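Hi,

Here is the structure I promised to pass on. Have a look at it first, and then read my notes below.

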Amino acid sequence: MSESLAPHRERLLWLVAIAFFLQSLDATILNTALPAMAQSLGQSPLKMQSVIVAYSLTTAMLIPASGWVADRFGTQRVYATAIALFVLGSVLCALSPNLGFLVAARVVQGVGGALMMPVGRLAVLRSHPKGEFIRAMSFIAIPGQVGALLGPTLGGALVEVASWHWIFWINVPVGLFGMWATRRWMPVGAEQPRRSFDGWGYALLSFGMVAVSVALDGLSGMGLGTALVAVLMVFGLASLAAYWMHALRVPEPLFPPALFSVRSLRVGLLGNLFARFGSGAAPFLIPLLLQVGLGMSPFHAGLMMLATVVGSMLVKRIAVRTVQRYGYRRVLQVNSVLLGLVLASFGLVSPQQPLGLLLAQLFVFGGINSMQFSAMNSVTLKDVEGAFASSGNSLLSMVQMLSMGMGVALAGALLGGFSDVWSALGDQSLRAIHATFATVGLMTLASTLVFSQLDGDERVRPAPDSGD
């Protein structure tokens with residue numbers, strides 16, 4: 001069976017769309033359920049960030065290897081295995097008796113998630129002519145938007161009607177259907193030329209990412225002493241530096257150093273990193289603000305968070321035209337400031353605030369965040385062509401997941417620190433959440449300095465939706 005057979009193209013699109021739906025639903029449904037999960041597992045709701053960090057970090061680690069794995073073992077086999085691991089991880093999450101088990105189960109789920117999306121995109125790329133690829137990617141991005149729209153409300157409803165365990169059980173039937181459909185509809189794939197894999201470079205890069213992220217998460221009080229946190233941070237940074245020196249002297253590194261000669265890619269990656277420290281923490285912080293700080297029920301909080309999804313979807317329609325008119329630098333500079341300010345504005349939310357004003361804040365945040373993602377992703381990849389296209393796309397995906405995980409880890413560390421400061425006060429949770437929002441908003445402003453390095457006349461070229 002060949003990946004170029006036309007009769008399977010439409011079915012293949014629906015199959016890959018399942019992965020987009022599963023992952024977006026899982027991400028958004030989980031955030032609303034975190035406070036209930038914390039209560040059930042005997043944990044503080046302000047210290048549940050490890051559940052999110054474990055998934056994001058695992059995904060970031062495996063993305064660089066996903067293309068090589070698909071070429072080595074075939075897209076059909078790897079895609080089916082990825083769905084199976086995602087389903088297995090979901091079952092283990094639902095059966096988790098404590099936080100440690102849940103974090104480990106999220107790692108298993110992350111292995112599946114890391115392979116599903118890139119391998120699915122690869123199968124679509126190889127089965128569709130170049131002129132149809134953008135339309136195909138736009139089609140499979142729609143279920144991702146549906147998953148994001150359903151997630152918050154569905155998560156809140158399941159927590160109230162049944163229990164938090166069901167946010168993972170619902171992945172099982174969808175995943176089982178995906179495994180069956182993969183065997184039936186996904187082409188086995190033509191054998192690809194064997195290429196070497198930079199195993200040593202991958203080990204250095206992976207260890208560096210894990211060590212730095214775990215050190216940041218350790219600052220929130222997950223049981224690591226200060227000395228161990230410092231050691232992990234030092235060795236993590238040393239490993240990342242060693243990877244860079246390794247990449248300079250090997251013939252086929254994971255990410256060729258010459259890739260960074262592209263100015264827009266350098267600026268885009270750094271901007272993504274700093275901007276997502278704040279925006280990546282928001283899906284973790286906002287449900288805490290609504291449920292722990294304001295005392296809303298999970299279902300009510302899920303309904304409120306729909307405002308962010310609606311704002312995001314509406315702004316996506318005008319993002320390209322906005323950048324075409326004003327250019328990347330101006331849009332990203334102004335939007336980064338607005339993103340930082342709207343994040344900080346959540347630090348002023350109080351139980352006495354009118355509900356309509358809070359809905360407006362959430363709506364505006366969703367729109368500004370969507371504009372930021374669309375512009376950042378596009379500027380990062382717009383000048384990456386030829387042999388660097390695949391590496392550039394993988395690198396961007398890795399940085400996105402890594403920065404989101406680090407953003408949640410930083411938010412958890414800030415919450416823990418601010419909670420200790422106000423531990424003697426009865427409203428310490430709300431005060432800590434307020435201070436954390438103000439801090440991550442301030443950190444987001446740093447990305448404005450990065451985006452100011454773009455050329456002033458940069459304009460957008462239409463690109464496939466990345467899923468953000």
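Let's start with two helices: α12 passes α14 in a right-handed crossing (the near helix is turned clockwise from the far one by less than a right angle; helices are DSSP runs of H or I, at least four residues, numbered from the N terminus). Before going on: this is a predicted model, where local features need pLDDT of at least 70 and side-chain atom pairs count only at pLDDT 80 or more, while totals for chains, interfaces and linings use all residues. Residues are numbered from 1 along each chain as its sequence is written, and side-chain values use heavy atoms, with hydrogens and water left out.

Back to the pair. The axes of α12 (residues 298-326) and α14 (residues 355-381) come within 6 Å and cross at roughly 40 degrees (axes are lines fitted to C-alpha atoms over the stretch in contact, and angles run from 0 to 180 degrees between N-to-C directions).

Gln372 lies in α14. Is Gln372 buried or exposed? At 1% relative accessibility, Gln372 counts as buried (under 20% relative accessible area, with a 1.4 Å probe and protein chains only). Leaving aside neighbours within four places in sequence, Gln372 is in contact (heavy atoms within 4.5 Å) with Ala275, Leu332, Asn335, Ser336, Leu339, Ser447 and Phe451.

Elsewhere, Ile286 touches Met305, Phe346, Leu362, Phe365 and Phe437, not counting residues up to four places away in sequence.

Cheers

Definitions and conventions: Buried means under 20% relative accessible area, exposed over 50%, partly exposed in between (1.4 Å probe, protein chains only).
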